[in-house]
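Have a look at the fold, then read on.

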Amino acid sequence: MTAAMPIPELEAGWRRFRSGRYREQRRLFDQMAREGQRPHTLMVACCDSRVDPAILFDCDPGELFVVRNVANLVPPCEVDDGGPHTSFHGTSAAIEFGISVLAVDHIVVLGHSQCGGIRALIEGIPAAFGPMPFLSSWIALADEARERAFAADPEPARLATICEQLAIGLSLRNLRTFPAVRDRIAAGRLSLHGLHYDLRDGALSLLDVDLGRFVAVDGGDADA
Ligand SMILES: [Zn+2]
């Protein structure tokens, strides 16, 4: 007995994968199944369907340990008291696993242009969507980025980009509140990076910590 895939697009894609990449890279898949994963990078990316890290960075399976959430935010390290109101810290759990078990070399916070989560942070969630208590409390994590973006008084067209980039900086700061992250950085075994991807032209920029701003990454010219 076999099951029919309920989503035709996914069935067709899985068949292409199984007869294409899976077959071509069979040795890699088999090795990873036997030996486990050893990703070099933990990436915090947005849920946005247009910003798939493995596609953007042309990675093989096994390279990226990815946690995706709305607006690619990292919360500060918060320890529950174990009481009845214990929260469920999905992103923090992924960070803990990536650091303590997988011992990744890098953590990247990948933001992007036209981020719906950041737009909701700036403009508020439209009332037409009805109450969205989870989303509103989640994006409130980046309130400081919104306040600083408005305080910078940019041209309106730049406001979203600035807020997206400030939120990346805020997440990098929150990463350092995790003791395991701090310890690995101090030991020279982990580095943190902020990247911003522009959907409109495929360009990438990197947060230069010394300059305090994002700088275009050279190369990768789509028209070359
Ligand atoms: Zn987004």
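## Helix 6 on helix 9

Keep in mind that this is a predicted model. Start with helix 6 (residues 116-123), which packs against helix 9 at about 110°, the axes sitting 10 Å apart. With angles of 65 to 115 degrees counting as roughly perpendicular, that makes helix 6 roughly perpendicular to helix 9.

From helix 6, the touching residues are Ile 118, Leu 121 and Ile 122; helix 9 brings Leu 159, Ala 160, Cys 163, Glu 164 and Ala 167. Sorted by class, that's 7 nonpolar, no polar and 1 charged.

## Helix 8 on helix 9

Helix 9 (residues 156-175) also meets helix 8 (residues 143-151): their axes come within 8 Å and cross at roughly 135°. That makes helix 8 oblique to helix 9, and the crossing is right-handed.

The class tally here is 9 nonpolar, no polar and 4 charged residues.

## The sheet and its helices

What order do the strands take in the open sheet? There are 6 of them, running 2-1-3-4-5-6 with mixed pairing. Strand 2 (64-69) and strand 6 (213-216) form the edges, each pairing on one side only. On average, neighbouring strands are turned by 30° against each other, direction ignored.

Strand 3 (residues 106-112) and strand 4 (residues 191-197) are parallel partners over 7 bridges; among the pairs, His 112 bridges to Tyr 197 in strand 4.

Helix 5 (residues 90-100) packs on this sheet, touching strands 1, 2 and 3, and makes about 170° with the direction of strand 2. Helix 9 lies across strands 3, 4, 5 and 6, at about 165° to strand 4.

Technical notes:
Residues numbered from 1 in each chain as written. Predicted model: local features only at pLDDT ≥ 70, side-chain atom pairs only at ≥ 80, totals over all residues. Heavy atoms only, no water. Axes fitted to C-alpha atoms, helices over the stretch in contact; angles between N-to-C directions. Helix = DSSP H or I, 4+ residues; strand = E, 2+ residues; numbered from the N terminus. Parallel < 35°, antiparallel > 145°, perpendicular 65-115°, else oblique. Left-handed = near helix turned anticlockwise from the far one by under 90°. Nonpolar A, V, L, I, M, F, W, Y, C, P; charged D, E, K, R; others polar. Contact = heavy atoms within 4.5 Å. Pairing = 2+ DSSP bridges.
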